[in-house]
Amino acid sequence: MIIRIDPASSTPIFEQLVRAVRAEALAGRLAAGDRLPAARELAASLEVNVHTVLHAYQSLRDEGFVELRRGRGAIVTGAAAELAAVRRHAVDLVEAARERGITADAVLALVREELAR
């Protein structure tokens with residue numbers, strides 16, 4: 001797994017880490033049961049604070065994307081495969097919206113409305 005961050009980006013580093021892990025899963029390079037690097041190890045390799053990595057791992061846990069187990073680290077859940085399946089539907093939705101000239105804001109509003117049900 002290759003994770004890159006851009007310290008000059010306006011996106012917080014922890015969010016860059018979350019996105020990178022999600023991208024690895026969507027690309028098929030992470031599967032359910034895979035272990036993410038130890039927080040200290042990843043922090044050292046990226047030259048960031050260990051709390052930044054822990055924040056990213058906690059965000060992934062809150063999404064159900066990983067399980068955090070004391071002494072075992074962060075383990076990818078089955079949500080990775082589910083996310084890939086949902087992404088395919090999102091691609092179809094975006095294509096349909098573009099074909100019809102529907103704005104991103106309108107599509108996001110529809111999605112939020114459906115999620116709130």
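Mentor: Buried means under 20% relative accessible area, exposed means over 50%, and partly exposed lies in between (1.4 Å probe, protein chains only). This is a predicted model, in which local features need pLDDT of at least 70 and side-chain atom pairs count only at pLDDT 80 or more, while totals for chains, interfaces and linings use all residues. Residues are numbered from 1 along each chain as its sequence is written, and side-chain values use heavy atoms, with hydrogens and water left out.

Trainee: Why is Glu67 called partly exposed?
Mentor: Its relative accessibility is 36%, and partly exposed is the class between the buried and exposed limits. Glu67 therefore counts as partly exposed.

Trainee: What makes the contact of Glu67 and Arg69 a salt bridge?
Mentor: A salt bridge is a side-chain nitrogen of Lys or Arg within 4 Å of a carboxyl oxygen of Asp or Glu. The N to O distance for Glu67 and Arg69 is 2.4 Å, so the pair qualifies. Arg69, with a relative accessible area of 31%, is likewise partly exposed. By this rule the count comes to seven salt bridges.

Trainee: Is Arg22 buried or partly exposed?
Mentor: At 22% relative accessibility, Arg22 counts as partly exposed.

Trainee: Why are α1 and α4 called roughly perpendicular?
Mentor: The axes of α1 and helix α4 (residues 79–100) come within 9 Å and cross at roughly 80°. Axes are lines fitted to C-alpha atoms, for helices over the stretch in contact, and angles run from 0 to 180 degrees between N-to-C directions. Angles under 35 degrees count as roughly parallel, over 145 as roughly antiparallel, 65 to 115 as roughly perpendicular and the rest as oblique. The two helices, α1 and α4, are therefore roughly perpendicular to each other.

Trainee: Which residues of α1 and α4 meet?
Mentor: Arg22, Ala25 and Leu26 in α1 meet Ala80, Leu83, Ala84 and Arg87 in α4, where contact means heavy atoms within 4.5 Å.

Methods: Helix = DSSP H or I, 4+ residues; strand = E, 2+ residues; numbered from the N terminus.
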